[in-house]
Amino acid sequence: MAREELGVIKPQLEEEHFKPKPPLPKDWYKNVDWINLKDREPDLYTLLFDFLINKMAPCPACVMTTAKFPARSILIETRHPERGIEYARMRISPSSVVRGAPEPGSMIEVDTVLRIDYYDLVRILLGEIDTVDPIEDGTATFIGNMTALLDLKDAIDLAIKGDLSAKLPRPLMWPDGHP
Amino acid sequence: MAEDVNPSGDAGESNEKFFHWRSTKIPLATELSYRYDPMEMKEKFLPTEKQREIYNSLNKVFSDDPMDKVNKKVYKYGGVVGQSRTKQEFVEWGKKLARERGIPGYNREVGIPLGQRYYEPQLISGTDVIVDFDDLNLYNNPAMQQMVDDVKRTVIIGLDIPHRVLQLRVGKEITPESMNLYMETLQHTLGGGAVVQEHMAEVHPGLTQDAYAKVLTGDDELKDQFDKRWVLDVDKEFHPERAEKLKKGIGEKLYVVTRNPTLRVRIADGGAIKRGAAIASTMAFVASYRLTGEAVISDFAYAAKHAQQISMGEIMWQSRSRAENEPGGIPYGYWADICTAESKLEPKPFLPALLEDLEEGKRQLDAVLEAGAIAALALENYWLGVYMSGGISFTSASSIVFTGNILDDFVYRFAELVNTYYQGHERLPSKWTTGRSITEMANQYMMEVYEKYPALLEYHWGGAHRVTTMGIIGPALVTITTGDAMLGSMLVNYAIGLITKEGWLRTGFSGQEVQDHIGMPYSCSLRAEEGGLIELRGLNTPYKSYTATHAAASVVQCYAGMMGRGSAWCTSPLVKAAFADSHLVFNFREPRKEFARGALREFEPAGERDLVRPGRR
Amino acid sequence: MARVRKRRKGRKVKRYKAQLYPGPDEVSERRRFVMDASRRLKKFRSIPDDNLVMLLGHRHPGELYLSIHPPLDELIEKYDPIKNIVEPTPGARAGDRIRFILFTDSVYYPPMAPWLRARTYLNRFRGIDTVVYSSRQLLEMRERDLEAVAKELIESNLFDPGRVAIRGLTAHGHSLRLDEDGLIFDARRRYKFDKDLGEVVYIKNAQAEILDMPIPIGRPLSEREARGQDVTYRWDVAPYKSRTEIMSVIARYGTARILGGYNPELLNEIDPLYCEPYETLDKMMDLGKSKTEGGE
């Protein structure tokens, strides 16, 4: 039978997502106003910490909205071509950033583990791509609570755009404040 | 008796310190300082739950708050006979039987008293029809029987090879007139009319009024040469774009879709249908082309009967030993084609369709659930419940797929989620990690819904019911967004045997225990499966083991994959076109509505013997 | 083991410690606790032996055990080294019949659940057979062994008179709403809540035969207490979604099963953390390299 009925394996629109994105400029961090130390490329912890202090905390919309969420702890694991794997935990409600993954035996369990490329994360924090895009493209993975991930997405979106219109309305299945 | 301290290892001791303390709150081991008690947060999100279809339909079915864990009226409902009109009818019939024939039959006094708990009526999904549970039993519902009968009595025969043999070997000319004469004769022979011998007893045409044949081709010119009365017009039955794709798939070939009378299925079996179609077609050829008894007739008989004959189902292996066209031998891909709920929808891949219009996406998901209803009924209820188990059918195992708007609610919520967060995507990559996380998300969500709605847990009262739901929905969502049925079928067992099992520590019933393990015969494995496509497999695949509640999920994967790719058919364009026929007794476009009609006793089945009963002349 | 310690004076012998269950949260810890044979169960209630025998309904109190073969000591059997290695249980030694006990666990904060029962029984007891259902769990043993084990199970924290029921037949009802006293539904009405006594009282035995006298079996746990004993993940006890450790482990199982199905060597190519083949991960690393200018 006609073979085209199997459908197109990679539709055109989707190809755009799979294409390698244009590289970030070499000194990208020097032009980002919310990064404090500009002498070297920030590691994961510094990056998240600076984002929290300089973008999330001063944004009233972000603070007001995230206060409605349950306490969240999201372990972010990034891969960097030179520094390799880095871990940091992003906590929401109340917000903070913790360096490293939970120690074995510490009896700490995070809500979600997000595994993502370092530069994809940078792009997310710079507002170039959506938080969930790398997951939907299959370049990032997560294990655990997706609601926590949506909380993180809302927090990042609000911090970047600065007003409440940046927050997408939650679907009926997981309203704001759902554990 | 004091609790023993774990003697071996330091980790155990720290466990003791940390865990076995009691407080007003239950500790949760997320970040230590980030504990919270979900019970205290319920006010934030539980009011939202009341806006959902699931809340409303459960409220309607149980006439009670579905989120209440305690049922104070339990044991006080006064028995099943007081609760159900159908059961009252059964009791009256039981008494009548005992009086009239002298041997007692149905007797509600033996066995365990039914109806100590609420005997809930069934709301058919996608309709407003509420029926009694007994009305969904296969034996009581003629629509359900007719659905499988309609599949069993269908055989597709290719006419190209017989025509070629007629032209080259017999020297006959094939003209529009001769082809139409053949079709007219075929309508006569299929119903049991004689054409060759002059002294024959024939079948009362009233008994076989559902027997007919229609030609099917992808070539418009060829189609126009036939009398419209026996043309299966793809253009009429499908959305124009789907029709184009289907016609391209069928090509310039000529087929005839034969429907044997339902009475033949009732008298014999699927194997008789295959032969019935073959002989009716051959006799029609013999009569319409005036063939004689020369040697070439044997070659022609093969060409007309078997060379291009497409049965719905394969013959089954020895221990199950059924002939062709029986439900167990029909591949999953064919079942997906047999459901034509999508026939009037635009053939657009699911994700772009959904992102453009949420309602269109929901319609596509509805179609997937219609396919689920057909699959659950035919495979779980009919094949495993009647043929294989010898029982009175697994009514509840299949009815949960199409009652209560439960699965509808699950998929609609997912559609809303995708519509919000997946903008700008056309197809998700068919990668294991992507599929795994979507299935995990969907299953965790469904488990949560079950926990929030005690009435839903009571509605799906057996582990098998919940396992069916989990096995169908989570993987189907992956399949429909990636268009990859194989990925979905890999996830079916993962969803049941790992996600559900580890969360609740319970899965299905005992016969199903084997399949709740992650084992070779139950779950998908890349090395084995890359050669055995899910669409071409069926319940008789020898290296697979199937029990009830796992089979429907595979059909749903095939169908969802088709919708995800925006294809017009799943496995065979012929089968897809054959079951969009408006002359079929059962409407394969709206199976759930048909089941409801059957339950309401409004469905008129075929194959009845009323005409030859006493006083019915 | 004691002899080994003596020989190696002053040196600790490192014993193998099974990793019974993943997850650092309290529910996982409860699962580990019940599965760990080295940890004694907590005693919550006590039930006299005769009452237990009546409740099981396999024999009358004081009646001799029926046997299906002569005691092992009197049997002359072919030589089999395994018989010398494995010590028979008392029931097997005496030649008892095989009898069963069946527990039905409610879905509402149960202290035990079917799959955990299977794992617990296999870890803790000898000479058993067990089958997992969605609601109930069969435990089959030699009769006198069964009585000892049943006593231990019923008296321990693994039993909640309100949410776990002892049933021989008509075992369904696990996912039904609770009755007005908070008890699990039973179509045979084997038990009721005695308001004066404050305890659950069995008026029929496990086979639903009416008992001569009611047998009290203890106080049902309140909802808050039951939540503290729950071994299943629920949205209101411990949300299953947030159990990243369990999710990682099962993802590893699933991945290994799918990718390494008929070729176990493939397992070495899967990263246990990512649950993806290393090859894919390397590609991701390569992609990352080209993400800044001059990153090569």
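Predicted model: local features only at pLDDT ≥ 70, side-chain atom pairs only at ≥ 80, totals over all residues.
**Stop 1: confidence**

Start with the whole model. It scores ipTM 0.91 and pTM 0.91. Now colour by pLDDT and go chain by chain.

Select chain A. Its mean pLDDT is 87, and 89% of its residues reach 70 or more. Among the elements of chain A, pick helix H2 (residues 44–56), which has the highest mean pLDDT, 95. Then pick helix H1 (residues 12–18) of chain A, which has the lowest, 68. Residues 1–5 of chain A fall below 50, and this stretch has nine contacts in the model beyond near neighbours in sequence.

Select chain B. Here the average pLDDT is 88, with 90% of the residues scoring at least 70. Look at residues 1–30 of chain B. Their pLDDT stays under 50. The model has 48 contacts for them beyond four places in sequence.

Select chain C. The mean is 86, and 84% of the residues reach 70 or more. Among the elements of chain C, helix H1 (residues 2–7) has the lowest mean pLDDT, at 51. Strand S6 (residues 199–204) of chain C has the highest, at 96.

**Stop 2**

Show chain B as a cartoon. You will find 27 helices and six strands. Of its 617 residues, 56% are buried. Take the contacts in chain B between residues at least 6 apart in sequence: 76% of them join residues at least 24 apart.

Where does the largest nonpolar core have its most contacts? Select Val368(B), Ala371(B), Val555(B), Val556(B) and Tyr559(B). The core itself has 270 residues. Helix H17 (residues 358–388) of chain B gives the largest share of this core, 15 residues.

Centre on Val368(B). Set aside its neighbours within four places in sequence. Val368(B) is then in contact with Ala476(B), Ile480(B), Val556(B), Tyr559(B), Ala560(B) and Met563(B).

**Stop 2: chain C and helix H3**

Move to chain C. It has ten helices and nine strands. Of its 296 residues, 44% count as buried. Among contacts in chain C between residues at least 6 apart in sequence, 60% join residues at least 24 apart.

Select helix H3 (residues 49–56) of chain C. Its buried residues are Leu52(C), Val53(C), Met54(C), Leu55(C) and Leu56(C). Which elements do they pack against? Show S1, helix H7 (143–155), strand S4 (164–166), S6 and strand S7 (210–218), in chain C. Step just past H3(C) to Gly57(C), which takes a positive phi of about 75 degrees.

At the contact, Leu52(C), Val53(C) and Leu56(C) of H3(C) meet Glu147(C), Ala150(C) and Lys151(C) of H7(C). By class, this contact has four nonpolar, no polar and two charged residues.

**Stop 3: helix H6, beside chain B**

Finish on helix H6 (residues 114–124) of chain C. Pro114(C), Trp115(C), Leu116(C), Arg117(C), Thr120(C) and Tyr121(C) are buried there. Bring chain B back into view. The buried residues of H6(C) pack against helix H23 (485–504) of chain B. In chain C they also pack against helix H2 (26–35) and strands S1 (98–105), S2 (129–132) and S3 (136–142).

Notes
Residues numbered from 1 in each chain as written. Chains lettered and ligands numbered in written order. pLDDT = per-residue confidence, 0-100. Helix = DSSP H or I, 4+ residues; strand = E, 2+ residues; numbered from the N terminus. Buried ≥ 20, exposed ≤ 12 C-beta atoms within 10 Å, placed from the backbone. Contact = placed C-beta atoms within 7 Å. Core = buried A, V, L, I, M, F, W, Y, C linked by C-beta atoms within 7 Å. Nonpolar A, V, L, I, M, F, W, Y, C, P; charged D, E, K, R; others polar.
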